[in-house]
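Keep the viewer open and turn the structure as you read.

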Amino acid sequence: MSIRERLYPGEQELHVLVRHCSDARYVWNLALEQRNLRRRERLQKITCNTQMKELSEARKETWLKEGSAAVQQQALRDLNQAFQNWWNRPDHFGRPTWRKADINEGFAV
């Protein structure tokens, strides 16, 4: 079950929400690029679990540790669900695509 809410944030909250959106978009695009590269080069299959492990390693060494782990992990789960939907019903769902700033903004917790 999910609940969508419209938020009316103040200045401080807006900064945090924009950061969550950009982190989720970055993780989504990075994970999508990994899957595209592995498919083209016919390397081992990549799963959501392997990408979660790679995210936790990246969080130790990069700027990603400053953001919310829950938001970043949910972006990976959302991408995985998008691929599952596409594989199960390609006539109904399109292949997952890049998220763009100011167009595909959002995050889930």
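A residue is called buried when its relative accessible area is under 20%, exposed when that area is over 50%, and partly exposed in between, using a 1.4 Å probe and protein chains only. By that rule Val71 is buried, at 2% relative accessibility. Before going further, please note that this is a predicted model, in which local features need pLDDT of at least 70, side-chain atom pairs count only at pLDDT 80 or more, and totals for chains, interfaces and linings use all residues. Residues are numbered from 1 along each chain as its sequence is written, and side-chain values use heavy atoms, with hydrogens and water left out.

What does Val71 touch, leaving aside neighbours within four places in sequence? Taking contact to mean heavy atoms within 4.5 Å, its partners are His20, Ala24, Phe107, Ala108 and Val109. Val71 and Ala24 are 47 residues apart in sequence, and their C-alpha atoms are 6.2 Å apart in space.

Now look at the nonpolar core, meaning a set of buried Ala, Val, Leu, Ile, Met, Phe, Trp, Tyr and Cys residues joined through side-chain atoms within 4.5 Å. The largest one has 14 residues, of which Val27, Leu32, Leu55, Leu76 and Leu79 touch the most other members. Helices α1 (11-41), α2 (48-61) and α3 (69-88) each supply at least two residues of this core. In soluble globular proteins, nonpolar side chains tend to be buried together.

Phe83 leads us on to the aromatic rings. Rings of Phe, Tyr and Trp (its six-membered ring) pair if their centres lie within 6.5 Å; planes under 30 degrees apart count as stacked, over 60 as edge-to-face and the rest as tilted. The structure holds four such pairs. One of them joins Phe83 and Trp86 edge-to-face, 6.2 Å centre to centre with 70° between the planes. Both residues lie in helix α3, three residues apart, or about one turn of the helix. The rings of Trp86 and Trp87 have centres 6.4 Å apart and planes at 40°, so this pair is tilted. Phe83, Trp86 and Trp87 make up one aromatic cluster. Within it, Phe83 is buried at 2% relative accessibility, whereas Trp87 is partly exposed at 46%.

Next come the charged residues. A salt bridge here is a side-chain nitrogen of Lys or Arg within 4 Å of a carboxyl oxygen of Asp or Glu, and the whole structure contains four. Asp23 bridges to Arg19, with the closest N and O atoms 3.1 Å apart. Because Asp23 and Arg19 are four residues apart in helix α1, about one helical turn separates them. Asp23 is buried, with a relative accessible area of 2%, while Arg19 is partly exposed at 26%. Which pair links distant parts of the chain? Arg38 and Glu54 meet in a salt bridge at 3.6 Å, N to O, with Arg38 in helix α1 and Glu54 in helix α2, 16 residues apart. Glu57 and Lys60 form another bridge, at 3.5 Å, N to O; both belong to helix α2 and are three residues apart, about one turn of the helix. Glu57 is partly exposed at 40%, and Lys60 is exposed at 58%. Finally, bridges that share partners join Arg19, Asp23 and Glu66 into one network.

Is Arg25 buried or exposed? Arg25, in helix α1, counts as buried because its relative accessibility is 16%. Beyond residues up to four places away in sequence, Arg25 touches Arg99, Lys100, Ala101 and Glu105.

Most residues other than glycine have a negative phi, and most peptide bonds are trans. Asp102 has a positive phi, near 65°, and is exposed, with a relative accessible area of 71%.
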